[in-house]
Amino acid sequence: MPRILACTDGSIYAESIIDHAARAARALGAGVQVLHVLPRTPAEAPVDRSGALGLDRSEELLKELAALDEARGKLALKRGRAILDAAEARLRAAGVAEVRLTQRHGALVDNVLELERETELLVIGKRGEAADFAAGHLGANLERVLRSSPRPVLVSARAFKPIARCAIAYDGSAAALRMVEFAARSPLLEGMALDLVTVGSGGASLQSAPAAILEAAGRPARPVLLQGETHEAIAAHVADAGVDLLVMGAYGHGRLRTMILGSTTSALLRGCRIPVLVFR
C-alpha cells in the first residue's frame with residue numbers, strides 16, 4: 001500500500017495538514033504515517049553550564065538545572081504524544097484505516113529523507129510552530145524539505161477546504177513536465193477542473209505538449225495565458241478563478257537549484273492562501 005508522510009508539530013496548520021493527508025489517502029488508497037520531530041534534548045546534546053556560574057558555582061544549582069532539563073524533555077515527549085494521538089483520531093474519523101505514528105528526535109529534514117523511501121507524497125504546513133507569522137516568512141523546515149526531498153510535497157493552507165479546481169503553473173522546466181505527467185495519471189487530481197497556466201510570451205506554443213499529455217489521459221485542461229510578473233499574475237488568477245490547489249515546480253529555468261528555492265515559488269508559497277503541490 002502506498003504511504004503518505006504527514007509532518008506536524010502542533011502548529012495552527014496541524015489540523016489542515018491531517019485533513020489534506022486524509023483526502024490524499026482516500027484518493028490514493030494509501031496509509032498515512034504521521035511524523036512529529038522533537039529537537040534534541042540537553043541530555044542528547046550536553047551543555048556545560050559550569051563556566052557561566054563562575055568559580056563559586058553551586059552544585060545544588062547545577063542539579064536543579066539538570067532536573068529542569070529532564071522535566072522539560074519529559075513534557076515535550078508528552079506533548080508530542082498528544083499531538084500524534086489527536087492526528088490519529090482525526091485521520092480515523094476521516095476514514096483512513098492505516099495510520100502509523102512516529103515520534104523522533106533531531107532535524108525534521110533528516111527524518112523525512114530517511115522515511116520518504118516508502119512515501120508517495122509528503123504533507124507539511126507552510127509554517128511551523130516557531131515561524132514568524134507577522135513577517136510572512138516561510139518556515140525553515142519547509143524550505144529545507146523542498147530543497148532536499150525528491151517526492152512531491154503538498155504544502156497545506158492554514159484551513160482545509162474541498163478542492164474542485166486546480167491550476168498547473170507550467171514553465172517548460174523538467175519539474176513542470178513531471179508535474180504534468182503526475183496530473184495526467186494520479187488519482188489525487190481525478191475529477192478536478194484543470195487550468196494549464198503559463199506566463200509571458202510564447203505561452204500558447206509552450207502549452208502544446210503538456211496540453212496533449214493531459215488530453216490523452218482524459219483530463220483536458222483549460223489554457224490560461226497570462227502576462228506580467230510571474231508570481232503576481234499566477235496569484236491573481238488563483239484568486240479570480242477560484243482555484244483551490246496550485247501545482248508548480250520548486251525551480252524554474254536557470255535557478256540556483258541547490259541553494260535556494262525559485263523566487264516565483266517562494267513568493268507564491270508566501271502569498272497564496274490555498275494548498276500548493278510542489279515538484280522538484
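Let's start in strand β2: Gly31, Gln33, Leu35 and Val37 point one way, Val32, Val34, His36 and Leu38 point the other way, and all of them are buried (under 20% relative accessible area; exposed is over 50%, partly exposed in between, with a 1.4 Å probe and protein chains only). Strands here are DSSP E runs of at least two residues and helices are H or I runs of at least four, numbered from the N terminus. This is a predicted model, where local features need pLDDT of at least 70 and side-chain atom pairs count only at pLDDT 80 or more, while totals for chains, interfaces and linings use all residues. Residues are numbered from 1 along each chain as its sequence is written, and side-chain values use heavy atoms, with hydrogens and water left out.

**Around β2**
- Eight of the eight residues of β2 are buried, so this strand is largely enclosed by the rest of the structure.
- β1 and β2 pair in the parallel sense over five bridges (pairing takes at least two DSSP bridges), and Arg3 has Gly31 as its bridge partner in β2.
- Between them, the chain passes through helix α1 (residues 14-28) in a right-handed β-α-β crossover, meaning that the path over the helix runs clockwise with the strands pointing away from the viewer.
- β2 also runs parallel to β3, joined by seven bridges, with Gln33 opposite Arg100 in β3.

**The whole sheet**
- Ten strands form an open sheet with mixed pairing, in the order β3-β2-β1-β4-β5-β10-β9-β6-β7-β8.
- β3 (99-105) and β8 (221-226) sit at the edges with a single partner strand each, so one side of each has no neighbour in the sheet.
- Strands β9 (residues 245-249) and β10 (residues 276-279) pair in the parallel sense over four bridges, and Gly249 stands opposite Phe279 in β10.

**Helices on the sheet**
- Helix α7 (residues 230-241) packs on the sheet and touches β6 (165-169), β7 (193-199), β8 and β9; contact is heavy atoms within 4.5 Å.
- The buried residues of α3 are Leu108, Val109, Asn111, Val112 and Leu115.
- They cover an arc of only 160° around the axis, which puts them on the same side of α3; the arc is taken over directions from the helix axis to the C-beta atoms.
- Their cover includes β1, β2, β3, β4 and α4 (140-148).

**After β10**
- Arg280 lies in the segment after β10 and is partly exposed, with a relative accessible area of 27%.
- Arg280 and Arg178 are 102 residues apart in sequence, but 8.5 Å apart in space, C-alpha to C-alpha.

Notes. Axes are lines fitted to C-alpha atoms, for helices over the stretch in contact, and angles run from 0 to 180 degrees between N-to-C directions.
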